[in-house]
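Here is a short tour for a reader meeting this structure for the first time. Please keep the sequence and the 3D view at hand.

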Amino acid sequence: MTQLNAGQFKGAFKTAKAATRQFPKEPYFYNLAGLAQAQMGDERAAIPFFRQALKMAPGNRDVQNNLVQALISTGQNARALSLLEKLLPKRPDTSHVLYLSGMARMRSGDYPGALADLDKAVAEDPRNAAALNLRGVVRQEMKQEQEALADYEASIAIEPNAPDTLSNLSLLLGQLHREEDAIAASEKALAINPNHFAALEGYAILLNQMGRRQEALATHERILALYPHHAESLFEVSHLHAAEDHDATLAHVDAAIAKASKSSPDMGFLAFARASLLQQAGDIDGSDLWYRKGNDVFARHRPFAKDLAVAEKDDILSLFAGGTPLPEGPTQEPVPIFILGLPRSGTTLTEQMISSHPDVYGAGELATAGRLAHAHLDAGGPFDADAAARFAQDYRAALPAMPEGTRAFVDKMPSNYRLVGMLLAAFPNCVILHMRRDPRDVGLSMWRTYFSSPAMSFTFDQAAIALQINLYRDYMDHWKAMFGARITDVDYADLVTNPEGGSKMLAEACGLPWVEDMALPERNRRAVRTASVNQVRQGVHTRSVGGWRDHRDALSELLTGIDPARWPDLSQE
């Protein structure tokens, strides 16, 4: 136990295992051996020791808890739930058992079931800080941000120095555009535990989003000092490192690749890191090779449901048939400006330009419209005037707080291209800016970018990227035929070739007086939470226009999959 408390996990395991041989009927040593394995990160190896301890002491709560947590950590959630169901009627600490059950359900993706368990856990013991924290995590995943915030704050009121909860709170505050509060929560967590991994990781991401690149890099280097082969930090460092550190960073990535399992998600991040470093060095063929390796790994772990994407398009477009009058919701301010199009088509750049205006608030990529649309599709029925009014009310209720005097706000969720009919019905005074960019350049950029959102799993498979590009064209052809002048096309190539002229066009489309800062988006200090976080700080450039031509061989599946009948305007090169 002394070795465990001192962090000497290998020594503790050796001592405990020797003790199991000397005292084979003493469950205490089996439990300690399992704890040591778990602390070394090998929960699977810990499970047999916990099982043996539980066999010898079936009523020991600590052993029960340890076994359940090890099962959850290794993805054996059904087994964990089965054990918890047997324990629930026997244990006096019902709240803790329900907390563990909520954790198992959350890890298996059953968020409603997890929420039900955690509601019961908190009802049993309103001071169960761990259950409140976990309920906050579940609610955050369910896009119930305000309820999650209340849970985190209640948990911290009970245990003010819990770095796990502070780290979770920081992540949520960042999503709610309360960046300074988020930084404060991260820094408090790290003051309590300087090596708290989740707090370090969240802090690094937040710093980069806020444009504090050097501090973000230093924080990732702190993570790597603790975990030298941590794949996601190496992936971030590959984009943040100084040019003079290129060779050392590449060597570090190669050392991690040698240690990683070839089929693990870690290998995906490391392959992307190596591809990025080779890309920076001008090695196009080598870079493409490693992007393919990384995408192949991610595609196996996150397959794309093609049939669902096609069915969703049919369901949405069927609500808005040509010639049918569009229902209209209430006209309100601030005015929504929706920037939409394919991912990597320039939505972030455009938002940075528009939100450089002092009267405009940049809200980033809001998932609200998509969530409300799915709820409507699940419920069925037409998207009539009542549906439009409810959509508008619920959407505005979920908006972040904005500065007083805000005239307009930007929602730059690219996938809102699917929802143009709903948006125009719910917000009659909204502005729709449709980003147009060569789909081959877009496809290349998506294929070379890691997206964490499950909705973006198609980006790991070129055939799926092509399918999504074709579906996007179907959507936009339909909306343009119906709404024409209500949609303003913004050409990416024109925007980067002539930023001043492009920003003046955007100002006119949004009904805003042009200001000089709109032509200099790299000066915009607002936090950027998208995959463009690093590029947008570099200033406007034209380097990526037509870039697909240098990658023809690597993009063969994508180029073959783009339907020429849908894209007759593409030059056949």
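## Where to begin

Which residue with a positive phi follows α13? That residue is Gly-211, and its phi is near 85 degrees. The model is a predicted one.

## Helix α12

Helix α12 covers residues 179-192. It has 14 residues. From its first C-alpha to its last it reaches 20 Å, close to the 20 Å expected at 1.5 Å a residue.

Which residues of α12 are buried? They are Glu-179, Ala-182, Ile-183, Ala-185, Ser-186, Ala-189 and Leu-190. Viewed down the axis of α12, these buried residues fall within an arc of 160 degrees, so they line one face of the helix. On the other side of α12, Glu-180 and Ala-191 are exposed. The cover over the buried residues of α12 includes α11 (163-175) and α13 (197-209).

## Helix α13

α13 has 13 residues. Its reach from first C-alpha to last is 18 Å, close to the 18 Å expected at 1.5 Å a residue.

The buried residues of α13 include Ala-199, Leu-200, Tyr-203, Ala-204, Leu-206 and Leu-207. Glu-201, Asn-208 and Gln-209 of α13 are buried too. What covers them? The cover includes α11 and α12, along with α14 (213-226) and α15 (231-240).

## The five-stranded sheet

In what order do the strands of the open sheet lie? The order is β2-β3-β1-β4-β5, with parallel pairing. β2 (360-362) and β5 are the edge strands, and each pairs on one side only. Neighbouring strands of this sheet are turned by 25 degrees against each other on average, direction ignored.

Now walk across the sheet from β2. β2 and β3 (residues 408-411) pair in the parallel sense over 3 bridges. Across this pair, Val-360 stands opposite Ala-408 in β3, and Tyr-361 stands opposite Phe-409. Next, β1 and β3 pair in the parallel sense over 4 bridges. Here the partner of Val-335 is Ala-408 in β3. β1 (residues 335-340) is joined to β4 by 4 bridges, and the two run parallel. Val-431 in β4 is the bridge partner of Ile-337. Last, 5 bridges join β4 to β5 (residues 487-491), again in parallel. In this pair, His-434 stands opposite Asp-489 in β5.

## How the strands are covered

In a regular strand, side chains alternate between the two faces of the sheet. Are the faces of β3 covered or open? Both are covered. Ala-408 and Val-410 are on one side, Phe-409 and Asp-411 are on the other, and all are buried. In β4 (residues 431-436), 5 of the 6 residues are buried, so this strand is largely enclosed by the rest of the structure.

## Gln-280

Gln-280 lies in helix α17 (residues 265-280). Gln-280 is partly exposed, with a relative accessible area of 43%. Which residues does Gln-280 touch, not counting those up to four places away in sequence? The contacts are Ser-238, His-239, His-241 and His-246.

Two of these residues can be described further. Gln-280 and Ser-238 are 42 residues apart in sequence and 9.5 Å apart in space, C-alpha to C-alpha. With His-241, Gln-280 makes a polar contact of 3.4 Å between side chains.

## Thr-449

Where is Thr-449 found? It sits in the loop between α24 (439-447) and α25 (462-483). Thr-449 is buried, with a relative accessible area of 9%. A polar atom of the Thr-449 side chain lies 2.6 Å from the backbone oxygen of Ser-445.

How values were computed: Residues numbered from 1 in each chain as written. Predicted model: local features only at pLDDT ≥ 70, side-chain atom pairs only at ≥ 80, totals over all residues. Heavy atoms only, no water. Expected span 1.5 Å × (residues − 1). Buried < 20%, exposed > 50% of the residue type's maximum accessible area, 1.4 Å probe, protein only. Arc of directions from axis to C-beta. Contact = heavy atoms within 4.5 Å. Pairing = 2+ DSSP bridges. Polar contact = N/O pair within 3.5 Å; in protein donor to acceptor, adjacent residues only side chain to side chain. Axes fitted to C-alpha atoms, helices over the stretch in contact; angles between N-to-C directions.
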